[in-house]
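This briefing goes through one protein model by topic.

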Amino acid sequence: MVGVKGKSGVYKRTKSVWNKGKKCPQTSMEKNGSWKGGRIRRGKYISIKIPTHPMSDKSGYIKEHILVMEKYLGRYLTKDERVHHINGIKDDNRIENLKLMTQGEHSSFHRKEELKHGKKLFGKD
Ligand SMILES: [Zn+2]
C-alpha cells in the first residue's frame with residue numbers, strides 16, 4: 001500500500017446528489033431532541049424539518065404528507081410518485097386521506113377535477 005497522504009484530489013466528495021447545494025445539517029436547533037420543533041406550515045402544506053431526508057428541500061424541509069405515506073409504505077417515494085389528498089385538504093395528512101399516485105396519474109386526475117368543476121385551465125376567458 002502506498003500512502004496517499006498529502007496528495008490533493010484523492011478525496012471523494014460524494015455526498016449524494018440529492019443533497020447538492022446543501023450545507024451540513026445543523027444540530028444546534030435540535031438540542032431538546034424534539035423533531036416537532038421543526039414542524040411548520042408552508043402555504044397549504046405542513047412541512048417538517050429533516051435535513052437528512054433525500055427529498056428535503058434546500059432548507060431541509062420535507063412535506064408531512066410525503067413522510068406519512070413513506071412511513072406507511074416503509075420506503076421512500078420515488079421521483080415519479082405523488083401523494084394526493086383525497087379530500088382536497090392539503091394539511092389533512094391522515095393516511096386515510098392520502099393516496100399514492102404516479103406523477104402522470106396525479107396531474108391528469110387534477111386536470112379532470114378542474115374541468116369537472118368548470119375551472120378554466122387554459123383560459124382564454
Ligand atoms: Zn392531488
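The model is predicted, with an average pLDDT of 80 over the protein and a score of at least 70 for 65% of the residues. Its secondary structure consists of two helices and five strands, arranged along the sequence as β-β-β-α-β-β-α.

**Confidence**

- Residues 24–35 have a pLDDT that stays under 50.
- For residues 24–35 the model has six contacts beyond four places in sequence.
- Where pLDDT is low, the predicted coordinates should not be read in detail.

**Overall fold**

- The protein has 125 residues, of which 10% count as buried.
- Taking contacts between residues at least 6 apart in sequence, 28% join residues at least 24 apart.

**The three-stranded sheet**

- Strands E1, E2 and E3 form an open sheet in that order, with antiparallel pairing.
- E1 (39–42) and E3 are the edge strands, each pairing on one side only.
- From one strand to the next, the twist averages 40°.
- Strands of a sheet pair through backbone hydrogen bonds, either parallel or antiparallel.
- Four bridges pair E1 with E2 in the antiparallel sense.
- Arg 39 has Ile 48 in E2 as its bridge partner, and Arg 41 stands opposite Ile 46 in E2.
- The hairpin of E1 and E2 has two residues between the strands, and Gly 43 takes a positive phi near 65° in this hairpin.
- E2 and E3 also run antiparallel, joined by three bridges.
- Ser 47 has Lys 63 in E3 as its bridge partner.

- Helix H1 spans residues 64–73, and its buried residues are His 65, Ile 66, Leu 67 and Met 69.
- An α-helix has 3.6 residues a turn, so residues three or four places apart point the same way.
- The buried residues of H1 pack against four strands: E2 (45–49), E3 (61–63), E4 (81–85) and E5 (98–102).
- H1 lies across E2 and E3, and runs at about 70° to E3.
- Gly 74 follows H1 and has a positive phi, near 75°.
- The largest nonpolar core has six residues: Tyr 61, Ile 62, Ile 66, Leu 67, Met 69 and Val 83.
- E3 and H1 each supply at least two residues of this core, and the largest share, three residues, comes from H1.
- Leu 67, one of the core residues, touches Ile 48 and Ile 62 when residues up to four places away in sequence are not counted.

- Is Lys 49 buried or exposed? Lys 49 is buried because 21 other C-beta atoms lie within 10 Å, and the cut-off for a buried residue is 20 or more.
- Lys 49 sits in strand E2.
- Beyond four places in sequence, the contacts of Lys 49 are with Gly 38, Gly 60 and Tyr 61.
- The C-alpha atoms of Lys 49 and Gly 38 are 4.8 Å apart, and the two residues are eleven apart in sequence.
- One of the contacts of Lys 49, Tyr 61, belongs to the largest nonpolar core.
- Lys 99 sits in strand E5.
- Why does Lys 99 count as partly exposed? Lys 99 has 15 C-beta neighbours inside 10 Å, and a residue is partly exposed when its count falls between the limits of 12 or fewer for exposed and 20 or more for buried.
- Lys 99 is in contact with His 84 and Ile 86, leaving aside neighbours within four places in sequence.
- Between Lys 99 and His 65, which are 34 residues apart along the chain, the C-alpha separation is 9.8 Å.
- His 65 is one of the buried residues of H1, and strand E5 is among the strands against which the buried residues of H1 pack.

Terms used: Residues numbered from 1 in each chain as written. Predicted model: local features only at pLDDT ≥ 70, side-chain atom pairs only at ≥ 80, totals over all residues. Contact = placed C-beta atoms within 7 Å. Core = buried A, V, L, I, M, F, W, Y, C linked by C-beta atoms within 7 Å. Pairing = 2+ DSSP bridges. Axes fitted to C-alpha atoms, helices over the stretch in contact; angles between N-to-C directions. pLDDT = per-residue confidence, 0-100.
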